[in-house]
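Q: Can you walk me through this model? I have a few quick questions about it.

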Amino acid sequence: GVQTCALPISGFLWHGLATPEFTAGLGLCATAVFAYVVFPVQLRPLAVLGVFGLGLQSGAMLQGYPAVTAMPFLAVAVWRWASTGRDGRLGRAGVARAVCLGLAVCTQQLSWFLVPFLVLGMWVVRRGDLPTRVATRVTAAYVAILVAVLAVVNLPFVVASPGPWWH
């Protein structure tokens, strides 16, 4: 059947669901809400169906798979990515996308696969609209924010135990 947001929340409240499943459930619900909000009105049912109805993500959520937790961050990072830096500066939306990509990378290693394609794609698209130096500056600012988020999130783990963190 179709999984709902009530499952992980009620399980958490009744101590029947572990933290990985709960955070994955929150990630799945956040992804559904984000997709519902950004989809055109006619396609909004597909947002809910795509997130909950196919069963793939719900099964991964019940296993506490970290990729489900990274999904809302990835959704924000790739949503309208081609408009990032359009006017020669990142703006709030571009900064939010960079932060979300950094959080996704911190959450699940598979997100690293997306980083080079997104960064290079952003630079190529911006180079078509802006001078090369400006496109490079905007892309470098995006990468700097991404790296700063990685550093801030990982710093406590690096300080606590650098050897295990590295491996």
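Predicted model: local features only at pLDDT ≥ 70, side-chain atom pairs only at ≥ 80, totals over all residues.

Q: OK. How many helices and strands in the protein chain?
A: Nine helices and zero strands, where helices (H or I, at least four residues) and strands (E, at least two) are DSSP runs numbered from the N terminus. The pattern along the sequence is α-α-α-α-α-α-α-α-α.

Q: What share of the residues is buried?
A: Buried residues are 34% of the 167 in the protein chain. Buried means under 20% relative accessible area, exposed over 50%, and partly exposed in between (1.4 Å probe, protein chains only).

Q: And the contacts, how many join residues at least 24 apart?
A: Among contacts between residues at least 6 apart in sequence, 64% join residues at least 24 apart; contact means heavy atoms within 4.5 Å.

Q: Now helix packing. What is the angle between α6 and α8?
A: Helix α6 (residues 91-107) and helix α8 (residues 132-160) pack at about 40 degrees, and their axes are 8 Å apart. Axes are lines fitted to C-alpha atoms, for helices over the stretch in contact, and angles run from 0 to 180 degrees between N-to-C directions.

Q: Which class does that put α6 in, relative to α8?
A: That angle makes α6 oblique to α8. Under 35 degrees counts as roughly parallel, over 145 as roughly antiparallel, 65 to 115 as roughly perpendicular, and the rest as oblique.

Q: Which residues meet there?
A: On the α6 side they include G94, A98, L101 and V105, and on the α8 side Y142, I145, V149 and V153 are among them. The residues of this contact divide into 13 nonpolar, three polar and one charged. Here Ala, Val, Leu, Ile, Met, Phe, Trp, Tyr, Cys and Pro count as nonpolar, Asp, Glu, Lys and Arg as charged, and the others, Gly among them, as polar.

Q: What about α7 and α8, how do those axes cross?
A: The axes of helix α7 (residues 114-129) and α8 come within 8 Å and cross at roughly 155 degrees. That makes α7 roughly antiparallel to α8. Among the residues in contact are L118, M122 and W123 of α7 and A135, T139 and L146 of α8. The contact residues split into ten nonpolar, three polar and two charged.

Q: Switching topic: where is A148?
A: A148 is in helix α8 and is partly exposed, at 40% relative accessible area. A148 and G102 are 46 residues apart in sequence, with 8.1 Å between their C-alpha atoms.

Q: And R44, which residues does it touch?
A: Leaving out residues up to four places away in sequence, R44 touches Y36, V37 and F39. R44 lies in helix α3 (residues 44-53) and counts as partly exposed at 23% relative accessibility.

Q: Last one. What is phi of R80?
A: Phi of R80 is near 55 degrees, a positive value in a residue other than glycine. R80 sits in the loop between α5 (66-78) and α6.

Q: Buried or exposed, that R80?
A: R80 counts as exposed, at 54% relative accessibility.

Methods: Residues numbered from 1 in each chain as written. Heavy atoms only, no water.
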